[in-house]
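Q: Can you walk me through this structure? I have the sequence and the coordinates open.

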Amino acid sequence: MKKVLALVLAALLVLTVGSALAEAKAGDGLYIGVVYKQSGNPYFQASINGFQQAADELGFTFDHDGPDDGSNDGQIRIIENFINQGVDALIISANDPAGLVNVCKEAMDQGIVVVSYDAPVAPEGRTADVEPASFQQVGDILLESIAKSIGYEGQIAILSASATMGNQQYWCAAIEKSLQENEAYANLEYVGTVFGDDVYDKSFTECEALINQYPDLKGIIVPTTNGAPAVAKCIQDHGMSTKVTGLTLASDMKEYLDAGICDETFLWNPIDLAYVASYAAVALINGDITGEVGDTFTAGDKGEITVAQGDDGGNTIFLGALNTFNTETVGEWVDIL
Amino acid sequence: MKKNKVASFFLRWEFLLVALLVLMCVVFNLQDAARVASGAARKDVFNLPNVMRGLRPYMLYSFMTMGVMLILAMGDIDISTGAIATLSVVVLGALYNLMGGGPVALVISIIACLATGSLCGAINGFLVTRFKELFPMIITLATQLFFRGFGYLLIGGSTLTFDSTFGVLSKTYELVDIFGLKVPIMVLIFLAVAVVFYVWLHLTSGGRKIFAIGTNATTARYSGLRVDAIKMFCFTLTGFMCAVTGIFFVGANSSSIKADLMDGYHMYAIAAAVLGGFSTDGGKGSVIGAVLSLFIFGIVKIGLGTLFGFADSAVNLAVGVILILSVLIPNISEDLSKYMRVRKQRAETAAAKAAH
């Protein structure tokens, strides 16, 4: 009997701690579940501001969560929870485009709108996808930037995250395509791609190996946010004149932009992405659009946006251009990204 | 006398687990009703269909738990189970694509997957029985790293994707209608497997041999048990069950395979077995307890996640709390009953003295 009592008391203790943490949600209005790649990632912390802004304007409530290990099965658990809570829409940044298809299909069967943003869920598992720019656009912007920095001549390389990460492999493919097809880059010699796993230390080591192998390397494109500061630091430490560009956080790169190692770096605005994804989700829930290619909706202060054919063949909503960070603009973004 | 005591202890332990399960459901239902009443939620969340759907991600490691529990009963431990499951599905996927796909390739690669798991388990078993001076913990730590590394060696950092035939595996994640309630196929299969394990472990002499080894391996050997052969068999069977877990995992993961899956699953499996009454000292435990524990962990995680706003990475704290309590409570209650006994004796002695 004592055992049972002790157990009851202990369980109640745990649960009262829990209820203190539970938040109240508005009873009416739409309720949206946001699933990002990994908890604690500053990039996704920033995107929460975009969801909040849209929520204030449109009057929906939302909860957000991501697995601590950035795993696909963690995202499945979170999505199952959101489905059970009866969300009207899921807004997901997927760790693995194919891995969420089953669970997202189940959600759609229950009438839940599935919008992916930043990193798409495969077309059969989503209603629509929101992306900053097409892979080709991103690749072209990065390539043009590095080419301009080094005078359209010399050896260049790419330091990517991993060969399998959806966006990474397509950006690299886009860069390679433009290098072959565009006459303007005829004098650029592409020496290859190395992978830093989006980890600072690994990227630093890979960069050292790269510049040891190609001492005349003129430019490195780094489309990974944790890789870019590592590469810039590596170039700085070795006192080389190699130029670096890539997709980076402003706060990471300010000192290297100021030091002239980078002329400009880029990133989309996660706040805008989240904002537009929210407007798209609400338009889809309300039936204003169905998510077909050619559908047009108004995304708050971002104006009218048309659903286009995406890089993966599914329906995608492109935001347009990238944010450019240079010595003039980086200051405004340092505290945000 | 001794045997009766052991039996009654487990009866009571399983009763406690059922009580905990019921208590959790009551608390979650109250919270659910409170949320609806206060307008914090539009509808109730903690109902049977939702729990059934939501259980699936937490039942994936149930199959490997059946193996881990054998190993704990023998007084050994295996922390390479998640790695074995991962390597098995890597072999499954790589072989399937190598053979160009199709139903025949699927059957062959599933057999290869199960064989890989069994082989990995056999390697563990061989090392544990051959190098008795090494702790099984260290041996399986080493093989865990080896198996994970080997998976990367086979497919690198790539994500394997497959044709539509392979998508049949997704069926393992689906729900099936039973008298109007949608129940996960996975849970039904698991319960059938658990019945087999229950009969074997608790109702046959083969199962009792395993507990005998865990109670005292030396005595067991002198009693004529082929201890090494039995250990070898149990480790191999565990490897096989890991491969089974892997196949269900692939179904859940929409047929997407990488070399870094199922991280931490070995810990969930050990946690469920330990709460089920299996201890690392060996010699005790109950299949029913382990099955109940799997449901307890699943339901507490669902409840904390959906009703109490816990983040996915925070719900594991419940596993920790329940596990510590499961170890502490029997100890405390034993201390308490000893104390009561001593006090009663003292009182009797004092009363006897006073009577004189």
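What follows is a chat about chain B and then the sheets of chain A.

Q: What kind of model is it?
A: This is a predicted model.

Q: How many helices and strands does chain B have?
A: The secondary structure of chain B comes to 13 helices and 2 strands.

Q: What box do the C-alpha atoms of chain B fill?
A: Along the principal axes, the box is roughly 95 × 65 × 35 Å.

Q: And what share of chain B is buried?
A: Of the 356 residues in chain B, 53% are buried.

Q: Among contacts in chain B between residues at least 6 apart in sequence, what share join residues at least 24 apart?
A: That share is 76%.

Q: Let's look at helix packing. At what angle do helix 7 and helix 10 of chain B pack?
A: Helix 7 (residues 185–203) and helix 10 (residues 227–252) of chain B pack at about 170 degrees, and their axes are 12 Å apart. Angles over 145 degrees count as roughly antiparallel, and helix 7 and helix 10 of chain B are therefore roughly antiparallel to each other.

Q: Which residues meet there?
A: From helix 7 of chain B come M186(B), I189(B), V193(B), F197(B) and W200(B); they meet F233(B), L237(B), M241(B) and F248(B) of helix 10 of chain B. The residues of this contact divide into 9 nonpolar, no polar and no charged.

Q: Why do residues three or four places apart point the same way in an α-helix?
A: An α-helix has 3.6 residues a turn, so residues three or four places apart point the same way.

Q: Is helix 11 of chain B buried or exposed?
A: Helix 11 (residues 265–275) of chain B has 9 of its 11 residues buried, so it is largely enclosed by the rest of the structure. The buried residues are Y265(B), H266(B), Y268(B), A269(B), I270(B), A271(B), A272(B), A273(B) and L275(B).

Q: What comes just after helix 11 of chain B?
A: G277(B) does, with a positive phi of about 105 degrees.

Q: Where is S88(B)?
A: S88(B) is in helix 4 (residues 81–98) of chain B.

Q: Buried or exposed?
A: The cut-off for buried is under 20% relative accessible area, and S88(B), at 0% relative accessibility, therefore counts as buried.

Q: What does S88(B) contact, leaving aside its neighbours within four places in sequence?
A: S88(B) is in contact with C113(B), T116(B), G117(B) and A243(B). A polar atom of the S88(B) side chain also lies 2.7 Å from the backbone oxygen of I84(B).

Q: Switching to chain A. What is the strand order in the open sheet of 8 strands?
A: The order is 2-1-3-4-5-13-12-11, with mixed pairing. Strand 2 (61–65) and strand 11 (296–298) of chain A are the edge strands, each pairing on one side only. The twist averages 25 degrees from one strand to the next.

Q: What packs on that sheet?
A: Helix 3 (residues 72–84) of chain A does, touching strand 1 (31–35), strand 2 and strand 3 (89–92) of chain A. The direction of helix 3 makes about 175 degrees with that of strand 1 of chain A.

Q: How does strand 3 of chain A pair?
A: Strand 3 runs parallel to strand 1 of chain A, joined by 4 bridges, and pairs in the parallel sense with strand 4 (residues 113–117) of chain A over 4 bridges. I91(A) stands opposite V34(A) and also opposite V115(A) in strand 4 of chain A.

Q: Which way do the residues of strand 3 of chain A point?
A: A89(A) and I91(A) point one way and L90(A) and I92(A) the other, and all are buried.

Q: And strand 5 with strand 13 of chain A?
A: Strand 5 (residues 128–131) and strand 13 (residues 315–318) of chain A pair in the parallel sense over 3 bridges. D129(A) has T316(A) as its bridge partner in strand 13 of chain A.

Q: What about the sheet with 4 strands in chain A?
A: That open sheet has the order 7-6-8-9 and parallel pairing. Strand 7 (188–195) and strand 9 (243–246) of chain A each have a single partner strand, so one side of each is left without a neighbour in the sheet. Neighbouring strands are turned by 20 degrees against each other on average, direction ignored.

Q: Which helix packs on it?
A: Helix 5 (residues 135–149) of chain A packs on this sheet and touches strand 6, strand 7, strand 8 and strand 9 of chain A.

Methods:
Residues are numbered from 1 along each chain as its sequence is written. Chains are lettered from A and ligands numbered from 1 in the order in which they are written. This is a predicted model: local features need pLDDT of at least 70, side-chain atom pairs count only at pLDDT 80 or more; totals for chains, interfaces and linings use all residues. Side-chain values use heavy atoms; hydrogens and water are left out. Axes are lines fitted to C-alpha atoms, for helices over the stretch in contact, and angles run from 0 to 180 degrees between N-to-C directions. Angles under 35 degrees count as roughly parallel, over 145 as roughly antiparallel, 65 to 115 as roughly perpendicular and the rest as oblique. Contact means heavy atoms within 4.5 Å. Ala, Val, Leu, Ile, Met, Phe, Trp, Tyr, Cys and Pro count as nonpolar, Asp, Glu, Lys and Arg as charged, and the others, Gly among them, as polar. Buried means under 20% relative accessible area, exposed over 50%, partly exposed in between (1.4 Å probe, protein chains only). Two strands pair if DSSP finds at least two bridges between them. A polar contact is a pair of N or O atoms within 3.5 Å; within protein, one must be able to donate a hydrogen and the other to accept it, and residues adjacent in sequence count only if both atoms are side-chain atoms.
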